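Good morning, colleagues. Please look at the structure as I speak.

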Amino acid sequence: MPEPSAIQIALDRAVVNGVFPGAVLGVRQGDRPIARFSAGRLSIDPPGDSVLISTIYDLASLTKPLATVTSLVLLIQNGQCRLDAHLAEYLEECAENPIGSTTLRDLLTHQSGLPGWRGYYERLSPDGTVPSSRDGRSSAKQKLLNLIRSEPLVYERGARSLYSDLGFMLLGMIVERTSGRSLNQFFSDRILHRLGKPSIQFVLPEELNTFLERMRKTKTGVAPTEYDPWRGRVLCGEVHDQNAGAMGGVAGHAGLFGNVDAIMTITGEWLKAYHGQPAMLDGDLVREFTKRQARGEASSWALGWDTPSKPSSAGCRFSDQSFGHLGYTGTSIWIDPVQRLEVVLISNRVHPSSRNEAIREFRPVIHDLVSQEFLA
């Protein structure tokens, strides 16, 4: 590959153009080793250290497929959950509410009837304090469950698709109720330990200082996001999503922090299982979870994963069988099982302000460049 590559040039140019302060890109094609690219700095104000391949980012909604969906597949293949079971079977508090009759499949395809977002954090913690104990997190989640189950449905279940954080909050709770462990414990014990403990985790408030000190000692940078008026500080190592923050940093929709190699350790399991190779996940389930569920153009959603729409953030060269997900902070995963191509982009485009949306135009460009270089 010529140096510098078109990919590196594009990343460096994106930093100069203010798409993000810095970013890391990981690419794996077939059995080749991961190709890694980094650019920029951790922060703009104040100027931060250079981004390294090992830099940790707030992964935002990549938490959905990496933690929650991967956990659900494990529970389903072990007979502990069923895709078409009603929500009330796992969260009995919802039995008398309209949402109680929705299925896990409805939640995973964002067709449950729930609204996309609500600012629950303001009701859970008006003063911006976050729960820093297991009991505090449990109490916050119970209050949040009560708020979600009381939500009137905003459309008829199954009639359309509306991307909803609320549905994934419920799915995270289902993992916890079904497994008898917190989501972060299940993710750590059942997934990360089996994969050699890659650098990806939920960061509990009471462990924040220890986490940041460990990253400092190992010279592993943690990219900040932005100033949060609710919590009254610039966030670094604290989840950007405020509803996840109000739940103590562990939620089904957001909360993971990690680096590019760790993400690709998990995506590699999905791709291996897809092709019937030895993996922790069942191949038939993986193929079902990554298949577009709606016929035609009604919805691009698979089960917790998205598929390419037109236009797509994956560009125009990924196959129709591809699956991926985006994260609000400036992160993305796209996997093409036909071409055995995995592309992971992590950045903090929300620093210093989430009003910066230049990454929308950058994402398809960088994926097209990757396809050109690695599939030529």
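Predicted model: local features only at pLDDT ≥ 70, side-chain atom pairs only at ≥ 80, totals over all residues.

**Pockets, a cavity and a helix pair**

In the second largest pocket, the lining consists of seven charged, six polar and four nonpolar residues. Helices α5, α6 and α7 each contribute at least two lining residues, with the largest share, seven residues, coming from α5.

I turn now to the largest pocket, whose volume is about 970 Å³. Its lining comprises 33 residues, and nearest the centre lie Y163, L326, G327, Y328 and R360. By class, the lining holds twelve nonpolar, twelve polar and nine charged residues. Which element gives the most to this lining? That is α12, with four residues.

Helix α12, residues 359–374, also packs against α1, residues 6–16, at an angle of about 165°, their axes being 9 Å apart. Because the angle is over 145°, the two helices count as roughly antiparallel. Their crossing is left-handed. On the α1 side, the contact involves A6, I7, A10, L11 and A14; on the α12 side, F362, I366, L369, V370, E373 and F374. Ten of these contact residues are nonpolar, one is charged and none is polar.

Finally, the largest cavity has a volume of about 90 Å³. Among the residues lining this cavity are V130, L208, R231 and E238. The lining divides into six nonpolar, four polar and two charged residues.

Methods
Residues numbered from 1 in each chain as written. Heavy atoms only, no water. 1 Å grid on protein atoms, 1.4 Å probe; cavity = no way out; pocket = protein on both sides within 12 Å on 5 of 7 lines; lining within 4 Å. Points joined across faces, edges and corners; volume = space filled by probe spheres on them. Nonpolar A, V, L, I, M, F, W, Y, C, P; charged D, E, K, R; others polar. Axes fitted to C-alpha atoms, helices over the stretch in contact; angles between N-to-C directions. Parallel < 35°, antiparallel > 145°, perpendicular 65-115°, else oblique. Left-handed = near helix turned anticlockwise from the far one by under 90°. Contact = heavy atoms within 4.5 Å.
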